[in-house]
Amino acid sequence: MDPSFVQGLHQLLQQSNVPDTNAVKSATDALQNTYYKNPNCVPALFEILATSSDLAVRQLAAVELRKRLAKSGGKVWAKQSVQVRDGIKAKLLQIISSEQSALVRNGIARVISEIARKELPAGTWPDLLPFLFQAAESQTAAVRQIAIFVFYTILETFVDGENLEQYLPQIMQLFAKSLQDPESIEVRITTVRALGKVAQNLEADASADMAAMQSAVPQMVGVLNQCLEQSHNEGVRQILDVLEEICMLEVPIISNHIAELIDFFLANGANKEHEEDLRLMCLNSLIWTCSYKRSKVQSLGLAKPMIARLMPIAVEEDSEDADEDSPSRLALRVIDGLATELPPSHVFPPLLEQMQAYMSNPDPHHRKAAMMAFGVSVEGCSEYIRPHMNDLWPFVEAGLRDPEVVVRKAACIALGCLCEMLEEECASKHATLLPIIMELVNNPDTQRSACTALDSLLEVMGDDISQYLPAIMERLAGLLETAPIPVKATVTGAIGSAAHASKEGFLPYFNQTMQRIQPFLLLKEEGDEMDLRGITTDTVGTFAEAVGKEAFRPYFNDLMKLAFEGMSLQSPRLRECSFIFFAVMSRVFGEEFNPFLPHVVPKLIESCQQSEHDPVPGAPGDGTVNGIGIPGSSSGAFAEDDDDEYVDIDELNEQFLNVNSAVAIEKEVAADSLGEIFTHTKAGFLPYIQQSVEELVNLLEHFYQGIRKSAVSSLFAFINTLNEMSNPEPWQPGAQVKVPLNAEVQKLVNAVIPAVMEMWESEDDRTAAIEICQSLAECLNKNGPAIIAPQYLDVVCTYTIMILEKRSPPQLDSETPEDENEEASEYESVLISAASDLVGAMANVLGPDFTDPLKQFMPQLMKYYSPGRSMSDRATAVGSLGEIITGMKGAITPFTQDILSLLSRGLSDEEASVRSNAVFASGVLIEHTEADLSAHFGALLNAIMPFFEKKADETDEIKTARDNACGCLSRMIIKKADALPLEQALPILFSSLPLEKDMVEWSPVLHCLMGLIQANNQVATQHIDTILQLFAHVLGTNEETLGGLLRGQCVGFISQLNSQIPDKVSAAGLQQYLV
């Protein structure tokens, strides 16, 4: 080895460690261009590692040597002579034993594992494993720790584990001993980490190794307990990482220990003798345990005891900083996790029991915990809670009126959560809630929290706000002048919600409010000022939608300029608000927004391209996860002489722990805004389509699910908008495309659909999977079968079936549910519902060609209408049948009897929404099937008679069910009038008209009546005055109620009658509609 080469390399490594940017850059360039391209760098780096007296240089030499060895699938190592390779291997085992620095030892261990990756499979390093087994039995703890750490790194390197299989029993035997090392906790911790790598490589059928691994779990938890007792933070973190990784595996290593593991995390999360960071780690572990092992948590019924033990932790006081984690906040987050992961029947009843006890406790922090727990549970349990809200409002009102400030603030937060998920229920309580909240707004102690609650309530109130608006605006306008900046921010948001609810009713307050809040758009200080500027930007956008473009026009250009200025202030939050503002302006001003596109769109694309974290050499900086190579992989991604292509996985993992979430949310909004702006600006956006689509397709692989979801939404919006602009011919149903898409639209579809399908295959986030189903269903219904036919039909069917079978990635945990029909969480029910909507869309665009796929889908859909299923699942099952029948029309005939048997049960379901879907599906089945169902008409009429009974205080669902019953009865009459006693049926129909909620049902109702009169049906002609009054009613309503075609048919019918019975037509006030 040339001594000058080694010396030059040593000097450059030293230079790389000095605190001088220019010196480091110069050294790095020389290393990359001169030394690292020379195969002699491997023995030279090893010599430096073995002999240098400079610890920092030895450490850097170990890191760089590992990188050289990993490059290009190990070709650099293969270029060394056998003599050099054997010399390095022999000496490595010596120097790792004598190295005093733990950091350098770890670096050497990783070099050993990199070489072992090449040499062990080839059988060319026979000394390694005997050396390690011997070292692991050493009398010296440090040597034992080194041996176990090298095993850990080797197990990490051998991804498939095959080459170590023969040694695994011996390794497991060694680990069983080192787990109980009598002297060194480091040996025990490293053993746990190594066992984690063994677990990752275990096959489900490796019964002996599996049994050994399962039996090691309690001991691993024992080591974790020792770390907690010794406040060994790093050890706790490392072992929890291992347990989380094991929890994610499909092999059932940890299954039999879940109850004990949760008990351990709860006990230590509650233990106030531990440092707070340790408690937080244990509580955080409960979140991922419930997520990855939800089936086990559900089958063991653990939610109730968990809630009972989490509530005392939720009582603890929080820090003032709302962004800072604390045990009480984490305990509430675990309850939130339980509510979203488990069926609400497992979570809300025991939580309500605790709430009742805690709300009656004299300690205000107990009452605060009750309010906060209620608030966090709402998102996951909203449908379960909805029917019981009348019983729950007293809790909320008691919290809002509590004598203690801390409870009143918590009640304001709970009310905000309720408003977000249960809009109608909250809006209906405005008369009670608004006076209480306005009283809290007047109290400086609760002002900010009350303004946030007020913001949430006003947003859902709609027309009901008008009676309160003067008093609300007077109070809030005063606070804009006098309140502290954080309160001004919440007040500004509340005024935006008032505008949203009151629409043009806000006009009298618009100009004076703009004068008050425009100065907020000039604020530039970090922190509260920037928050206020951002919220004000959002609020003026809301104003524009409320008052309309003409009233807003005088402010438009100045506000656009301020939004652009805001983007230059290096604040992701402010850029996010500007992007939302641009999207709203495009919605309000449409193509008038086009002149701004050259300034807006490049900024959105630039945002999509930015990085959320410091760059890792060789990895894309934009957050996409494709292109991350495994060191030593044989993929072509690692050019032999290009070190920039090497990706250090350790560095990469470290970087992903330091993601800037504000930037990620900004990118999510940017991606969403691209779709929104194209939708409203149309032709003006065309120059930006290609680059926008390229960026959005890239973001489908982003690690953050919110960005993937927004990218999906926008890409489908692009297809919908571009196809609409092409003035397409109406599509025709069928698996073979009869009406091709415009060439440019097809080109866009070819770019988008394959990328979305690839994303969908592995998408493990429920919200993103829901977005795919919903956006694709909408796109199919708008644009026809050419979106997926014929190439992607099978793929879409396969992925949709997987969701209905609960086998898709976001539904899987490593436990097989004990009952296939077990209750689902509300979030999972939304995914099932989205998938069933997609089935309906496929039926719509394929028509008769959906017959074969439906044979697969039908049993999957029908199983969701079974005892024990939630209301949501039952409504989904029945509702999807209605959509399928409507889409397939006469082709549904072979399935008639199966559908009829399910619908007959659905008509008497306890839930109005299920009954509504069942009566609609019954009607369209009668309309479309070619089977003669007239023999069932009498029984069906009896079954739907209760639908026509009117009662006081009816819910919207009951009114919708009645409208659907009117449609069903009308379809029966159209199909075969003489199969029904019309003298009874028509008065029943008339008693329930006019329709109140589901205006689509006017079509069968009016066609039924027109058909009867045109056929001179004697029973119908007796009711001609009633019929004419109904026509006067519908023709006098908004034109959108009927649609152009049906309205024209009604006008033609009335004009025809006018020639026969002009007096009656005139008496009904219909002459104005005659043609």
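**Reading the cavities**

Guide: H30 gives the most to the lining of the largest cavity, with 4 residues. This is a predicted model, where local features need pLDDT of at least 70, side-chain atom pairs count only at pLDDT 80 or more, and totals for chains, interfaces and linings use all residues. Residues are numbered from 1 along each chain as its sequence is written, and side-chain values use heavy atoms, leaving out hydrogens and water.

Visitor: What is a cavity, and what are its lining residues?

Guide: On a 1 Å grid over the protein atoms alone, a cavity is a set of points where a 1.4 Å probe fits but cannot get out; lining residues have an atom within 4 Å of a point. The structure holds 4 cavities of 30 Å³ or more.

Visitor: What volume does the largest cavity have?

Guide: About 70 Å³, where a volume is the space filled by probe spheres set on the grid points, which are joined across faces, edges and corners.

Visitor: Which elements give two or more residues to its lining?

Guide: Helices H29 (528-547), H30 (549-567) and H31 (572-589) do. Helices here are DSSP runs (H or I, at least four residues), numbered from the N terminus. Among the lining residues are Arg533, Leu559 and Phe581.

Visitor: And which helix gives the most to the lining of the second largest cavity?

Guide: H39 does, with 3 residues. That cavity has a volume of about 60 Å³, and its lining includes Trp760, Tyr799 and Pro810. Helix H37 (743-762) and helix H39 (793-804) each supply at least two of its lining residues.

Methods: 1 Å grid on protein atoms, 1.4 Å probe; cavity = no way out; pocket = protein on both sides within 12 Å on 5 of 7 lines; lining within 4 Å.
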